[in-house]
Amino acid sequence: MPAIRLLSDNLISQIAAGEVVERPASVLKELLENSLDAGAQSVAVSLEQGGIRRIRVSDDGSGIARADLALAMTRHATSKIASTADLERVATLGFRGEALASIASVARVTLTSRTANDEHAWRIGAEGASHGAIEPAAHAPGTTAEVSDLYVNTPARRKFLKSEATEFAHCAEVFERIALARPGLALTLRHNGRVSRHLLPATAEARTAGLLGREFGDAARELAGEVPGLRIHGYLGAPAQARGTRDAQYVFVNGRFVRDKLLAHALRQAYADVLHGDRHPAYVVFVEIDHGAVDVNVHPAKTEVRFREPHAVHQFVRHAAARALAGAAGESPVPTVSAEIAGDRLVPSARALQASLGVAQPVGTYAAMFAGARDGATPDRPAIAEPFAPAGEIDQPLGFALAQLHGIYILAQNRRGLVLVDMHAAHERILYEQLKTVLDAERSDRQQLLIPVTVQAEAVDVATLEEHAGVVAALGFEMSALSPTTIVVREVPAMLASADIPALARGLLRDLREYGGGQVLTERRNELLATLACHGAVRAHRALTAPEMNALLRRMEDTERSGQCNHGRPTWYQLSLADLDKLFLRGR
Ligand code: ADP
Ligand code: MG
């Protein structure tokens, strides 16, 4: 690492406002970043009392030469940049040369460090603006930074610290971000003497699963994309696992954790097609971009970045993420269910099995047993379909319908084994994509209802209808108020003609009221279409004939994103013969 130099006044003035040492976690973040910038392979963190009493970070990085120790503690002294040109393409996490000095202004700091050339380590202590003498010390090559008694001299700020547990939680969050960003780094976190995390070097996949949970890892979709100067990779959580908060969303730009509105927005848009409403998906996304194409000198805590070409980055990220989430039927968009036996219970575990699974053998006996019993379905006598595909067509990804189960699921046979389809969810997804296409083409086939449907409504629904009459018409509806509490529906989009019309009308009006007419066809369009599709989709407990079921399977295969319904639930699962064999403990 080059020697530490004092920055010129000119350069100092270009650097965004001073470091904010807000709480123990912000100290920990700076110390960890220094360890990473020093090329550490292994870092140990030890906290006491949530970091308020002590934060110690030890690394095996490049170390600091004795001659540089005092400068390391000096404001605006850094080994990482030397010129304006450097500032324009920062490749390190730190670059302002003020973290250690800022920390020393509100706590006691000790640096113990040894470079590969030193025979032993050197130590310097600092508190406020004054440094102590540099003394010899024992330490392996690398650096230990110790920060104790945060805000000891500024009780006013100390008052703002939360409980020890809260401050520790913030520190653990900072630790986890670093751990996600550097899977190859060995990391240990101790709190009050107890090991809280111990992470060995791992692949990105294993590290991510280790930190976000196996459930995330098993169902996540891998994200990958590259254009010259810009690369994206990472893992997108399954929509079905989305949660009520945003706290499992990690975005890194060139290895730096950022809270970037542009990237968050691009990801939200990619998920909009598969996730309804206020659910927040979990994801770990890495954007690697040419250092000259991103400005990291935007925010004191360096958690914001500015892209030189924001639009291009937004498009790239959105498309890459949408592609990862789309996966049409047949590409196993939802993980294959594999049943595992735990104790005496069957625990279905969603784990993607590889395509190497055995190919189905025709189960001829079942075909024979049910011969003659197909079609003619009634609600209490479910449809039994021809289990064998028409000659030459066994390769349909979702296979051919065998039966309908409890009016909810379609059972189908394909080459790999059994396919289970949630018929309402699947139909909903198909309608949603069709509605989108129709709306994009600005032509909606309308269907006049044979008998107009009157809907009991609230006064507020009637008012909404009057206010948004134009949007309602543009969507292909003809609806008007009959009385202050009745609405009559005369025409609906053709593909929704078999919907429960009163529910459909009320759903539409509720969305219009919630999203506002102006926005509903732009920003909230997908939510609106999801509402319509949900009401238009075949209800559970409706018996389907074999041709109807097969038609649904074929349409699923043709529909993008048919792997999930609009609410992010899966629409189908594959149970391979190998999975079934496992269920029955049947070796092959
Ligand atoms: P910056 O990281 O922005 O340069 P800091 O105040 O965090 O500013 O650190 C000042 C300097 O001290 C760094 O530029 C680096 O040369 C040195 N330094 C700090 N921590 C370490 C470490 N763990 N290993 C090696 N050098 C370090
Ligand atoms: Mg630093």
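**Entry 1: a hairpin**

I began with strands β10 (residues 186-191) and β11 (residues 194-199), which pair in the antiparallel sense over 5 bridges; two strands count as paired if DSSP finds at least two bridges between them. The helices (H or I, at least four residues) and strands (E, at least two) named in these entries are DSSP runs, numbered from the N terminus. I noted that His-191 stands opposite Arg-194 in β11. The hairpin of β10 and β11 has 2 residues between the strands, and there Asn-192 takes a positive phi near 45°.

Before going on I wrote down that this is a predicted model, in which local features need pLDDT of at least 70 and side-chain atom pairs count only at pLDDT 80 or more, whereas totals for chains, interfaces and linings use all residues. Residues are numbered from 1 along each chain as its sequence is written, chains are lettered from A and ligands numbered from 1 in the order in which they are written, and side-chain values use heavy atoms, with hydrogens and water left out.

**Entry 2: positive phi elsewhere**

I kept in mind that most residues other than glycine have a negative phi. Asp-149, which is not a glycine, has a positive phi of about 55°, and I found Asp-149 in the loop between β9 (142-148) and α6 (155-158). I also looked up His-406, whose phi is positive and near 50°, and which sits in the loop between β21 (400-405) and β22 (409-414).

Is each of these two buried or exposed? I used the rule that buried means under 20% relative accessible area, exposed over 50%, and partly exposed in between, with a 1.4 Å probe and protein chains only. Asp-149 counts as buried because its relative accessibility is 15%, while His-406 is exposed, with a relative accessible area of 66%.

Which residues come nearest to ligand 1? Of the 22 residues around ligand 1, those are Asn-34, Thr-78, Ser-79, Lys-80 and Gly-97, where a residue is near if one of its heavy atoms lies within 4 Å. By class, I read the shell around ligand 1 as 9 nonpolar, 9 polar and 4 charged residues; Ala, Val, Leu, Ile, Met, Phe, Trp, Tyr, Cys and Pro count as nonpolar, Asp, Glu, Lys and Arg as charged, and the others, Gly among them, as polar. At least two residues of this shell come from each of α2 (24-37), β4 (77-78) and α5 (99-104).

I then looked at the oxygen atoms of ligand 1. A polar side-chain atom of Ser-79 lies 2.6 Å from an oxygen atom of the ligand, a polar backbone atom of Phe-95 is 3.0 Å from an oxygen atom of ligand 1, and a backbone N or O atom of Arg-96 also lies 3.0 Å from one. Taken alone ligand 1 exposes 530 Å², of which the protein buries 96%; the areas come from the Shrake-Rupley method with a 1.4 Å probe.

**Entry 3: aromatic rings**

How many aromatic pairs are there? I noted a count of 4 aromatic pairs, under the rule that rings of Phe, Tyr and Trp (its six-membered ring) pair if their centres lie within 6.5 Å, with planes under 30 degrees apart counted as stacked, over 60 as edge-to-face and the rest as tilted. The rings of Phe-252 and Phe-257 have centres 5.8 Å apart and planes at 70°, so this pair is edge-to-face. Phe-252 and Phe-286 form a stacked pair, with 4.9 Å centre to centre and 15° between the planes. Since Phe-252 lies in strand β14 (residues 249-253) and Phe-286 in strand β16 (residues 283-289), the pair ties together parts that are 34 residues apart in sequence. Phe-252 and Phe-257 are both buried, and Phe-286 is buried as well. I recorded that ring pairs link Tyr-250, Phe-252, Phe-257 and Phe-286 into a cluster.

**Entry 4: two buried polar side chains**

I found Gln-574 in strand β27 (residues 572-576), and it counts as buried at 3% relative accessibility. A polar contact of 2.8 Å joins the side chains of Gln-574 and Asn-414; such a contact is a pair of N or O atoms within 3.5 Å, and within protein one must be able to donate a hydrogen and the other to accept it, while residues adjacent in sequence count only if both atoms are side-chain atoms. A polar atom of the Gln-574 side chain also lies 3.4 Å from the backbone oxygen of Leu-418.

Glu-491 lies in strand β26 (residues 486-493) and is buried, with a relative accessible area of 15%. I noted that a polar contact of 2.7 Å joins the side chains of Glu-491 and Arg-446.
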